[in-house]
Amino acid sequence: MPVNCNTHSSDNSCGHHGHSFGHGHGGSSARRLILAFVVIASFAGVEVVGGLISGSLALLADAGHMITDAAALALALTAHWLAKKAPSDRFQFGFKRAQVLAAFVNALGLIAIVVFLVVEAVGRFGAPPEINAGLMLTIAVAGLGANIAAFLILHPRAANDVNVRGAMLHVAADIFGSVAAIVSAVIIMATGFVLVDALLSMLVCALIVRTALPLLLETGAILLQAAPPNVTPQAVKEAVQAGTPAVDVHAVRAWQLTPGETMIALHAVVPARTAIDRVMVEIKQILREEFGAVRTTVQIEVLDEVVSLSPRVPVCPDQISAAE
């Protein structure tokens, strides 16, 4: 049976794989969020007034969504600031996950908007309102320009920052809303068919769900400490045993602090007279290169050669030296 020599190592360095929240781009993300907030917030009021005067649901929906965008950008900025705070005795990994939480809340906000718009659209089928299509078109075109500007501001950082991506998805949904309002206004002006306003609003809802749902699932999984899709206990065990003298690997735990910042903890059983320091380095290299782990905790147990490895005595959960 393995003799637990309590030899373990916790590597808390953030290597090159932790790119999703890299410090080098922090200032760039903040500046882009601030600039996008100014663009969206300054135009939101115009759309609210225009939507109320014109009577367009599509325009009001876009206006309401732009207000939500401004709030989402403010939330993203707050989370970005929190993520830069140093760790403390209580918050030992800092506040990086605040950005994941902000993205999760943003996705929930998008889903809530969809529910509101669908209810409003269904109600309008029974009582079509009067719509000032000319005013609606003018404001929708201006709104499209503002949304495209905000989207282009955020897009360069969206791939590497889930917080910025959450804010950008709000703006992307607004672009769809502005396009729908423009199309709706043109059709109403040409045919007088006012119900197209409600129909196109529901189409926008479908597009919003398509963009928000993946973000909601991704950030929800991270907050629930789910393992990354490519990191399973069996895959880790096979990789470590194939690349090191370890004869058994167990108590494997994997989770993400943020997207791209995978953490893995495990116990490895090695034969007696094995160079433990060398095995430790080899295991950490495998976890980093094959699974993208930027934080690892490895505990080595030395095999007692007098006793067979099978059946192995189960390892109690409290023996695990995990990173959180």
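1. A salt bridge is here a side-chain nitrogen of Lys or Arg within 4 Å of a carboxyl oxygen of Asp or Glu. By that criterion R124 forms a salt bridge with D197, with the closest N and O atoms 3.4 Å apart. The pair links distant parts of the chain, since R124 belongs to helix α3 (residues 97-126) and D197 to helix α6 (residues 196-223), 73 residues apart. Helices (H or I, at least four residues) and strands (E, at least two) are DSSP runs, numbered from the N terminus. Both R124 and D197 are buried, a word that stands for under 20% relative accessible area, with exposed meaning over 50% and partly exposed anything in between (1.4 Å probe, protein chains only).

2. A word on the basis of these values: this is a predicted model, in which local features need pLDDT of at least 70 and side-chain atom pairs count only at pLDDT 80 or more, while totals for chains, interfaces and linings use all residues. Residues are numbered from 1 along each chain as its sequence is written, and side-chain values use heavy atoms, with hydrogens and water left out.

3. For the overall layout, the protein chain contains eight helices and four strands, and their order along the sequence is β-α-α-α-α-α-α-α-β-β-α-β. Of its 324 residues, 47% count as buried. Contact means heavy atoms within 4.5 Å, and among the contacts with a separation of 6 or more, 79% are accounted for by residues 24 or more positions apart. The chain exposes about 14700 Å², of which carbon and sulfur atoms supply 66%; accessible areas come from the Shrake-Rupley method with a 1.4 Å probe, and for residues only the protein chains shown count as cover.

4. How many salt bridges does a search of the whole structure find? The search finds four, and one of them joins E261 to R295, where the closest N and O atoms are 3.0 Å apart. E261 lies in strand β3 (residues 261-270) and R295 in strand β4 (residues 293-303), so this pair ties together parts that are 34 residues apart in sequence. E261 is buried, at a relative accessible area of 3%, and R295 also counts as buried, at 11%.

5. Another salt bridge, between R278 and E282, has its closest N and O atoms 2.8 Å apart. R278 and E282 are separated by about one helical turn, because they stand four residues apart in helix α8 (residues 276-291). With a relative accessibility of 42%, R278 counts as partly exposed.

6. The whole-structure search finds one aromatic pair. F91 and F95 form this pair, which is tilted, with 4.8 Å from centre to centre and 35° between the planes. Rings of Phe, Tyr and Trp (its six-membered ring) pair if their centres lie within 6.5 Å, and planes under 30 degrees apart count as stacked, over 60 as edge-to-face and the rest as tilted. F91 is partly exposed, with a relative accessible area of 37%. K85 lies over the face of F95, at 5.1 Å from the ring centre; a charge sits over a ring if NZ of Lys or CZ of Arg is within 6 Å of the ring centre and within 35 degrees of the ring normal.

7. Helices α3 and α6 each supply at least two residues of the nonpolar patch. L199 is found in helix α6 and is partly exposed, with a relative accessible area of 41%.

8. L77 lies in helix α2 (residues 57-83) and touches A30, L33 and I34, not counting residues up to four places away in sequence. The C-alpha atoms of L77 and Q99 are separated by 8.9 Å, although these residues are 22 residues apart along the chain.

9. Q225, in the loop between α6 and α7 (233-243), has a phi near 60°, a positive value in a residue other than glycine, and at 38% relative accessibility Q225 counts as partly exposed. R273, in the loop between β3 and α8, has a positive phi of about 65° although it is not a glycine. R273 is exposed, with a relative accessible area of 74%.
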